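Please look over the model below, and then follow the account from the surface to the pocket and on to the chain as a whole.

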Amino acid sequence: PFIDALENVPREGSSHPRKNKTLKAPELTIGTTQESILLIDDVATSGRHIELAIQSLRKLTRHVTAIAWIGAA
């Protein structure tokens with residue numbers, strides 16, 4: 001099932017590696033442990049967003065699989 005486990009923090013502008021250094025890990029919106037989690041990120045610029053998301057999700061499970069979805073318009 002889909003579980004929206006990470007807090008959505010809207011940000012203005014585009015992702016930039018210099019800005020990504022100061023990002024904090026997203027807060028969890030659930031406290032229920034999960035057997036495993038599949039994390040799908042829509043774009044991977046520096047990988048920092050997905051790295052921070054994995055750090056947060058590891059509080060809920062020992063197994064996080066992460067993939068980046070890169071689609072053409």
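In this predicted model, a nonpolar patch on the surface is formed by Leu38, Ile40, Ile67 and Trp69, which together present about 460 Å² of accessible area. One of these residues, Ile40, belongs to strand S1, the run that covers residues 37-41. Ile40 has a relative accessibility of 51% and therefore counts as exposed, since the class of exposed residues begins over 50%.

Ile40 also leads on to the largest pocket, because a residue is counted in a pocket's lining when it has an atom within 4 Å of a pocket point, and Ile40 is among the residues that lie nearest the centre of the largest pocket, together with Leu6, Leu39, Asp41 and Ala53. The lining comprises 32 residues in total, and the elements that contribute two or more residues to this lining are S1 and helix H2, which spans 48-57. The space in the largest pocket amounts to about 1,000 Å³.

How many of the residues count as buried? Of the 73 residues in the protein chain, 23% fall into the buried class, for which the relative accessible area has to be under 20%.

Notes. Residues numbered from 1 in each chain as written. Predicted model: local features only at pLDDT ≥ 70, side-chain atom pairs only at ≥ 80, totals over all residues. Heavy atoms only, no water. Patch = residues over 30% accessible without salt bridge, like charges linked within 9 Å, V, L, I, M, F, W, Y side chains within 5 Å. Areas by Shrake-Rupley, 256 points an atom, 1.4 Å probe, with all protein chains shown as cover. Salt bridge = Lys/Arg side-chain N within 4 Å of Asp/Glu carboxyl O. Helix = DSSP H or I, 4+ residues; strand = E, 2+ residues; numbered from the N terminus. Buried < 20%, exposed > 50% of the residue type's maximum accessible area, 1.4 Å probe, protein only. 1 Å grid on protein atoms, 1.4 Å probe; cavity = no way out; pocket = protein on both sides within 12 Å on 5 of 7 lines; lining within 4 Å. Points joined across faces, edges and corners; volume = space filled by probe spheres on them.
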